[in-house]
Amino acid sequence: MLACGEDLGLIPACVHPVMLELALIGLRIQRMPSEPGLEFDIPSKYSYMTVCAPSCHDCSTLRAWWEGDEGTRSRFYKTVIGSDKEAPSRCTPEVVNFILQQHFDAPSMWAIFPLQDLLALKDKYTARPAAEETINDPTNPRHYWRFRLHVSLESILEDKDIQASIKNLVTSSGRSFPGKKTDKA
């Protein structure tokens with residue numbers, strides 16, 4: 001079994017040396033940078049000994065984060081996406097694809113993706129309010145593991161478009177065949 005240490009947020013200085021000594025991989029979420037002074041982490045600079053994810057069970061989904069704070073969204077759109085245009089208020093499939101691609105392309109040993117973030121690649125699956133997609137809110141003792149998928153797995157299995165979008169992210173990153181990237185379709 002490969003153990004991952006949750007080394008997000010404010011952690012004691014002893015954590016990283018112990019993780020290195022024990023060969024524990026760390027968790028990286030772009031909007032929760034581990035480096036002081038950064039507002040957004042840079043997935044392409046993650047070390048191999050990490051698991052990267054756009055969100056996780058203990059934070060808002062990518063859509064809820066994007067749609068939650070206009071200032072943060074605008075700064076991300078300008079500094080990370082590199083656009084001088086106004087950031088869309090809605091987390092569009094194009095924005096989702098860009099962010100997910102960064103994580104698929106990251107040099108991290110593992111890249112994990114909550115299903116809610118993958119489904120946001122298609123408008124059809126974003127009709128539900130984004131705030132309802134959070135799995136667990138550790139700050140709220142009454143909000144724990146309440147998320148339920150609002151579409152059936154059968155409908156996702158029948159949706160060739162969403163499957164093709166996810167497959168393209170996987171294969172273009174080289175994660176399906178490590179060390180071998182393919183041209184994007």
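Mentor: The protein chain exposes about 10900 Å², and 57% of that comes from carbon and sulfur atoms (Shrake-Rupley method, 1.4 Å probe; for residues, only the protein chains shown count as cover). Remember that this is a predicted model, where local features need pLDDT of at least 70 and side-chain atom pairs pLDDT 80 or more, while totals for chains, interfaces and linings use all residues. Residues are numbered from 1 along each chain as its sequence is written, and side-chain values use heavy atoms, without hydrogens or water.

Now the overall extent. The C-alpha trace of the protein chain spans about 45 × 45 × 40 Å along its principal axes. Of its 185 residues, 40% are buried (under 20% relative accessible area, 1.4 Å probe, protein chains only).

Go inside. Searching the whole structure turns up one cavity of 30 Å³ or more. A cavity here is a set of points on a 1 Å grid where a 1.4 Å probe fits but cannot get out. The largest cavity has a volume of about 50 Å³, that is, the space filled by probe spheres set on the points, joined across faces, edges and corners.

The lining consists of Gln-30, Arg-31, Pro-54, Leu-62, Trp-65, Phe-76 and Ile-99; each has an atom within 4 Å of a point. Five lining residues are nonpolar, one is polar and one is charged. Pro, Leu, Trp, Phe and Ile count as nonpolar, and Arg as charged.

Note on methods: On a 1 Å grid over the protein atoms alone, a cavity is a set of points where a 1.4 Å probe fits but cannot get out, and a pocket is an open set with protein on both sides within 12 Å along at least five of seven lines; lining residues have an atom within 4 Å of a point. Buried means under 20% relative accessible area, exposed over 50%, partly exposed in between (1.4 Å probe, protein chains only).
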